[in-house]
Every structure is written in C-alpha cells, then in structure tokens.
Amino acid sequence: MAPAESEFRIFRPRQVRVISIVGAIAVFIGFAVLSVALIVVDWKPWTTLDSVWMNVLGIIFAAALLRVADIQARPSESGLAVKNMIRTRTFAWGQILGVTFSPEGDDPWPILDLADGTTYSVMAIQHADGPRAHEECRRLRMLIARWTHFKED
C-alpha cells in the first residue's frame, strides 16, 4: 500500500508562522536601526560596544522568533516527528494512542496520548488557525488510525 503524497504533508501552523517571520524581520531591522542611531546621535552614555550588543540582541530575538516559525510535525511511514519550540521528538505510530483537541479552544494545540501514559503537545497545529486546525487534527487522527492498524497487520 503506497501512501498518497498528500497524506504525509507536514503539519505547520499558519498564523503563528506568518506573525513570527514578520516579527523576526521587524525586530532585526529595529535593533539594527537603533544600534546605528546610538552611534549617529552620539549620546554620551552609549559606546560602540553598546551598539554591537544591540545588534547581537536583535539577532538573538529574531532567531528565537524564527524558531517559533519552524514548529512542525512531520509524518512518515515509520511515525511522527514533532518539532516544538525547544524539543524534537519522534514517535512510532504504535506509541500514539490518540489525540485530544478541544473544539472550544481550551487547549491551544492538540495533545498526543502516548502508550507510556504520558502526553505530548503538537504545537504544529494551532487552535488560532480556526477550522483549518480542526481539519489538520482530523488528518492527524486518520494517520494514527491508518498507520497503527497497518503496522499491526
């Protein structure tokens, strides 16, 4: 049984991704302009080292925002690789028992129920994306049901 190409589309948030990328660009440019202004205006308490640090801070904050934009969940025949902000974990389909996702928005993202009794958030599907988030959650549930059943046969 060959999987459809679209079956293994990567899960990614839409709104959070756009806001993070735009925010990263704005933060980077803002800190760069501020660092140049510190030198041009020649304020007495500020030095060239302060200007350098201002650029370094801009790069750090922009990189953090770009990390948020890189959140994803990558399904494959072997399982689901979930890349959240800090940690990336890979789960075999058999490890995932189900998915909990509140239709009212009580939880900002779906939560995987795992065979070892723990849970893990899938930040790649964001409730802020509205109906699209619920469609993506249905697709994730379908993948879990199909591939868990397929591996047992």
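Visitor: What makes the charged end of R89 count as sitting over the ring of Y120?

Guide: The charged end of R89 lies 5.0 Å from the centre of the Y120 ring. A charge sits over a ring if NZ of Lys or CZ of Arg is within 6 Å of the ring centre and within 35 degrees of the ring normal, so R89 qualifies. Likewise, the charged end of R139 sits over the ring of F11, 3.9 Å from its centre. Please keep in mind that this is a predicted model, where local features need pLDDT of at least 70 and side-chain atom pairs count only at pLDDT 80 or more, while totals for chains, interfaces and linings use all residues. Residues are numbered from 1 along each chain as its sequence is written, and side-chain values use heavy atoms, with hydrogens and water left out.

Visitor: How confident is the predictor, and what is the average pLDDT of the protein chain?

Guide: The average is 88, and 92% of the residues score at least 70; pLDDT is the predictor's confidence in each residue, from 0 to 100. Among the elements, α3 has the lowest mean, 85, and strand β1 (residues 72–75) the highest, 96. Helices (H or I, at least four residues) and strands (E, at least two) are DSSP runs, numbered from the N terminus.

Visitor: Why is the pair of F8 and W147 called tilted?

Guide: Rings of Phe, Tyr and Trp (its six-membered ring) pair if their centres lie within 6.5 Å; planes under 30 degrees apart count as stacked, over 60 as edge-to-face and the rest as tilted. The centres of F8 and W147 are 5.5 Å apart and their planes stand at 35°, so the pair is tilted. The pair links distant parts of the chain, with F8 in the segment before α1 (15–41) and W147 in helix α3 (residues 131–152), 139 residues apart. The structure holds 3 aromatic pairs.

Visitor: Why is A124 called buried?

Guide: Buried means under 20% relative accessible area, exposed over 50%, partly exposed in between (1.4 Å probe, protein chains only). A124 has 2% relative accessibility, so A124 counts as buried. A124 is found in the loop between β6 (119–121) and α3. Leaving out residues up to four places away in sequence, A124 touches F11, R12, P13, I71, Q72 and A73, where contact means heavy atoms within 4.5 Å.

Visitor: Which residues touch the most other members of the largest nonpolar core?

Guide: They are L80, V82, I96, L112 and L140, out of 25 residues. A nonpolar core is a set of buried Ala, Val, Leu, Ile, Met, Phe, Trp, Tyr and Cys residues joined through side-chain atoms within 4.5 Å. Helix α3 gives the most to this core, with 6 residues.
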